[in-house]
Amino acid sequence: MPEGARRIRGRALGVVLAVLAVLALLAGAGGYLLLQHEYQAAGPAAALTRIEVTQGASLRAVLAQLQGVGAVRDARLIAWYLRLSGLHPRVQAGTYEIPAAASPAQIIALFEEGKVVLEQLTVVEGTTFSDFLDALAQHPRVAHTLQGKSPAQIMTLLGHAGINPEGEFFPDTYRFAANTSDTVILELAYQEMQRVLAAAWEQRAGDLPLDTPYQALILASMVEKEAALQSERALIAGVFVNRLRKGMRLQSDPTVVYGLGARYDGTIHTRDLVTDTPYNTYTRVGLPPTPVALPGRESIVAAVHPSDTPALYFVATGMGDGAHHFSKTLEEHNAAVQSYLGRLRQARP
């Protein structure tokens with residue numbers, strides 16, 4: 001072939017290759033734009049969808065899971081877009097709620113931000129540590145690690161060996177990610193109680209017959225069990241403080257019930273009041289050895305800021321509203337007791 005013809009043919013081949021390269025580039029750019037559109041477009045889900053992402057799950061597995069529940073159209077297209085864009089999103093474990101029509105971009109943002117659905121568990125004021133453990137054990141979204149362990153073993157696991165657990169955990173509503181362990185929730189409650197108690201003790205009234213924050217916690221637990229009305233907490237604390245100052249027995253029924261444990265049948269019998277236990281404040285002077293419940297903030301505040309009252313006694317009025325009659329003298333108290341018993345008799349069918 002003549003030299004001139006070869007040059008013409010070479011130039012023509014170069015032009016063709018250049019055109020093909022441009023066409024390939026345009027096709028690639030168009031494909032990328034289509035992937036980008038799919039990534040940012042509204043998803044196919046018509047309603048809110050909940051999925052569980054397990055610890056250590058790969059992005060590919062999570063995308064396949066999303067496709068399986070109808071939250072995305074094509075998991076492979078999303079994976080390709082992320083790869084071509086150089087994106088490596090971190091998927092945090094937990095339960096997620098995917099809004100209806102959420103785009104893949106919005107879903108990936110949920111994962112990266114760790115916006116998991118929070119479960120909740122409510123611990124009621126006046127319940128016991130045992131009740132707290134039961135609530136944890138029955139919660140389906142808590143990771144259970146404490147089966148078969150004693151209270152002492154649990155406190156050791158939490159790093160508080162030798163501490164009696166009763167009263168040491170703050171009653172509140174706790175919100176947590178699914179599969180949070182029971183020990184994590186307990187430690188949150190323990191630290192919150194220490195914080196609340198320390199703050200209250202720091203601001204306590206002067207001249208209290210209490211030597212330590214722990215004694216205030218014990219008194220607060222008694223107030224929690226005795227008081228049905230917020231307005232009476234400080235009054236009840238005031239009665240107990242007055243009796244402590246005079247060396248009188250506190251004679252608190254909830255301490256007797258706590259001391260009976262599983263033997264309590266729902267009624268306090270005369271034999272229960274005269275049978276001595278470490279918690280029977282009818283037979284022993286002073287505070288019981290530990291709290292008898294998990295007190296709330298209001299009862300803790302009442303214990304360190306009791307009302308300045310002359311009352312030494314209180315008894316339920318029997319009116320059905322949780323109120324008590326407070327008395328300065330035994331004679332007045334005995335009359336109030338008779339009035340209470342009379343109302344009980346009238347209320348019986």
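How many aromatic pairs does the structure hold? The structure holds eight aromatic pairs, a pair being two rings of Phe, Tyr or Trp (its six-membered ring) with centres within 6.5 Å. The model is predicted, so that local features need pLDDT of at least 70 and side-chain atom pairs count only at pLDDT 80 or more, while totals for chains, interfaces and linings use all residues. Residues are numbered from 1 along each chain as its sequence is written, and side-chain values use heavy atoms, with hydrogens and water left out.

Phe129 and Phe169 form a stacked pair, 5.0 Å centre to centre with 25° between the planes (stacked denotes planes under 30 degrees apart, edge-to-face over 60, and tilted the rest). Phe129 lies in helix H5 (residues 129-138) and Phe169 in the loop between helix H6 (151-157) and strand S5 (173-177), 40 residues apart; helices (H or I, at least four residues) and strands (E, at least two) are DSSP runs numbered from the N terminus. Both Phe129 and Phe169 are buried, that is, under 20% relative accessible area with a 1.4 Å probe and protein chains only. Together with Phe132 and Tyr190, Phe129 and Phe169 form one aromatic cluster.

An edge-to-face pair is formed by Phe240 and Phe314, at 5.7 Å centre to centre and 75° between the planes. This pair links helix H9, which holds Phe240, to strand S7 (residues 313-316), which holds Phe314, across 74 residues. Phe240 counts as buried because its relative accessibility is 1%, and Phe314 is likewise buried, with a relative accessible area of 14%.

Methods. Buried means under 20% relative accessible area, exposed over 50%, partly exposed in between (1.4 Å probe, protein chains only).
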